[in-house]
Amino acid sequence: MDEKTMDEKTKTAAGIAAGLQGMTYDDKRLAELAAEVEILNDAVRKAAAQRLTFDDDPAAFASVMAKEARS
């Protein structure tokens, strides 16, 4: 699978891996990473939405994530 046939989430994972981490992965692993990130992102968003509002102190987000990690 070349970049033209990758879905947007896999392209994003490839860009982050290469651009921010300096790492390259094969297409299969990039697709797996994209799926894993989507699951984690959804979990973080759901946890934050239940406990945070727009006007909360930014440090509250870190506190929520720390509490979630322990549970």
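The following dialogue explains how to read several features of a predicted model.

Student: On what basis are the values given?

Tutor: This is a predicted model, in which local features need pLDDT of at least 70 and side-chain atom pairs count only at pLDDT 80 or more, while totals for chains, interfaces and linings use all residues. Residues are numbered from 1 along each chain as its sequence is written, and side-chain values use heavy atoms, with hydrogens and water left out.

Student: How many helices and strands are there in the protein chain?

Tutor: Helices (H or I, at least four residues) and strands (E, at least two) are DSSP runs, numbered from the N terminus. The protein chain has 3 helices and 0 strands, and its elements run α-α-α from the N terminus on.

Student: What does the radius of gyration say about how spread out the protein chain is?

Tutor: The radius of gyration is taken over C-alpha atoms, and the globule rule is 2.2 Å times the number of residues to the power 0.38. For 71 residues that rule gives 11 Å, whereas the radius here is 15 Å, well over that value, so the protein chain is more spread out than a compact globule. The C-alpha trace spans about 40 × 25 × 20 Å along its principal axes.

Student: Is Thr-10 buried or exposed?

Tutor: Buried means under 20% relative accessible area, exposed over 50%, and partly exposed in between (1.4 Å probe, protein chains only). Thr-10, found in helix α1 (residues 8-19), is buried because its relative accessible area is 4%. Contact means heavy atoms within 4.5 Å; not counting residues up to four places away in sequence, Thr-10 touches Leu-30, Ala-31 and Ala-34. Buried residues make up 15% of the 71 residues in the protein chain.

Student: With which residues is Arg-51 in contact?

Tutor: Arg-51 is found in helix α2 (residues 27-51) and is partly exposed, with a relative accessible area of 45%. Leaving aside neighbours within four places in sequence, Arg-51 is in contact with Asp-56, Val-64 and Glu-68.

Student: At what angle do α2 and helix α3 pack?

Tutor: Axes are lines fitted to C-alpha atoms, for helices over the stretch in contact, and angles run from 0 to 180 degrees between N-to-C directions. Helices α2 and α3 (residues 59-70) pack at an angle of about 115°, and their axes are 10 Å apart.

Student: Which residues meet where α2 and α3 pack?

Tutor: Val-44, Ala-47, Ala-48 and Arg-51 in α2 meet Phe-61, Val-64, Met-65 and Glu-68 in α3. These residues divide into 6 nonpolar, no polar and 2 charged, where Ala, Val, Leu, Ile, Met, Phe, Trp, Tyr, Cys and Pro count as nonpolar, Asp, Glu, Lys and Arg as charged, and the others, Gly among them, as polar.
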